[in-house]
Amino acid sequence: MTPTEPASQPRPVPPAGEEPRPAPEVRPASIGDAALLARLNDFVHSVHARNRPDVFRSGAAHAELVPIFETHLAREDVRAFVAHLAGRPVGYALAVIADRPGDALVRPRTFVILEHLAVDPRAARTGVATALVEAVRTAGRREGCSSLLTDVWDFNADARAFYEAAGFTPMRHILEQPI
């Protein structure tokens with residue numbers, strides 16, 4: 001993985017009478033962060049397992065997840081980041097740089113795919129997810145990517161609202177029908 005600089009975000013201005021919140025700090029993840037990412041993954045995986053038990057296994061599978069994250073973090077095309085708030089790890093993003101050659105139907109293009117975004121619910125609305133997405137955008141720009149893609153489960157209204165507020169727009173729809 002190519003190291004990148006931490007994303008810097010402007011400090012949020014608190015409403016009158018409130019203490020200023022610390023700004024999230026984002027750093028590149030390394031193979032040594034595999035166990036941390038496996039733990040942070042619980043925040044998003046539990047939402048998925050609760051809403052789509054037909055697809056997602058319930059319960060933590062840390063022993064199985066750590067080597068999966070180690071493999072991802074060792075790949076040259078993966079960019080991953082960990083967010084800290086007040087010195088505590090509270091989220092991560094994992095993205096893949098995709099370089100697609102053109103063919104008779106499509107133009108060649110390079111883009112970044114945000115595959116994982118997980119934030120501790122206690123850190124919601126603190127700028128953590130925004131800072132992580134910006135770190136992925138910055139990494140993608142450095143790699144010459146023309147766009148940032150992600151997908152979101154339809155049941156996850158909070159995630160859909162976040163991505164829309166972050167400037168994502170629908171590109172295509174994946175439809176499902178049980179058979």
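Predicted model: local features only at pLDDT ≥ 70, side-chain atom pairs only at ≥ 80, totals over all residues.
Of the 179 residues of the chain, 36% count as buried. The chain exposes about 11,200 Å², of which carbon and sulfur atoms supply 55%. Four helices and five strands make up the secondary structure, and along the sequence these elements follow the pattern β-α-α-β-β-β-α-β-α.

The five strands form an open sheet in the order 1-2-3-4-5, with mixed pairing. Strand 1 (25-28) and strand 5 (147-150) stand at the edges of the sheet; each has a single partner strand, so one side of each is left without a neighbour in the sheet. From one strand to the next, the twist averages 30°. Helix 1 (residues 34-51) packs on this sheet, where it touches strand 1, strand 2, strand 3 and strand 4, and its direction makes about 95° with that of strand 3. Helix 2 (residues 62-74) lies across strand 2, strand 3 and strand 4 and runs at about 55° to strand 3.

Strand 2 is mostly covered, as eight of its eight residues are buried. In a regular strand the side chains alternate between the two faces of the sheet. In strand 2, Val78, Ala80, Val82 and His84 point one way, whereas Arg79, Phe81, Ala83 and Leu85 point the other way, and all are buried. Strand 2 is paired with strand 1 in the antiparallel sense over four bridges; here Phe81 of strand 2 is the bridge partner of Pro28. The pairing of strand 2 (residues 78-85) with strand 3 (residues 88-100) is likewise antiparallel and extends over eight bridges. Phe81 also takes part in this second pairing, with Ala93 as its bridge partner in strand 3, while Ala83 stands opposite Gly91 of strand 3.

Strand 2 and strand 3 form a hairpin with two residues between them. Most residues other than glycine have a negative phi. Ala86 lies in the loop between strand 2 and strand 3 and is exposed, with a relative accessible area of 68%. A positive phi, about 60°, is also found at Arg125, although this residue is not a glycine. Arg125 is located in the loop between strand 4 and helix 3 (128-142), and its relative accessibility of 77% places it among the exposed residues.

Helix 3 comprises 15 residues and reaches 21 Å from its first C-alpha to its last, close to the 21 Å expected at 1.5 Å a residue. An α-helix has 3.6 residues a turn, so residues three or four places apart point the same way. The buried residues of helix 3 are Val128, Ala129, Ala131, Leu132, Val133, Ala135, Val136, Ala139 and Gly140. The elements that cover these buried residues include strand 1, strand 2, strand 3, strand 4 and strand 5, together with helix 4 (157-165). Helix 3 is followed by Gly144, which has a positive phi near 80°.

Gly144 is also one of the residues touched by Thr110. Thr110 has its place in strand 4 (residues 109-119). Its relative accessibility is 18%, and Thr110 therefore counts as buried, the cut-off being under 20%. Not counting residues up to four places away in sequence, Thr110 touches Ile97, Ala98, Asp99, Glu143, Gly144, Cys145, Ser146 and Ser147. With Asp99, the side chain of Thr110 forms a polar contact of 2.7 Å to the side chain of that residue.

Methods
Residues numbered from 1 in each chain as written. Heavy atoms only, no water. Buried < 20%, exposed > 50% of the residue type's maximum accessible area, 1.4 Å probe, protein only. Polar contact = N/O pair within 3.5 Å; in protein donor to acceptor, adjacent residues only side chain to side chain. Contact = heavy atoms within 4.5 Å. Pairing = 2+ DSSP bridges. Axes fitted to C-alpha atoms, helices over the stretch in contact; angles between N-to-C directions. Expected span 1.5 Å × (residues − 1). Areas by Shrake-Rupley, 256 points an atom, 1.4 Å probe, with all protein chains shown as cover.
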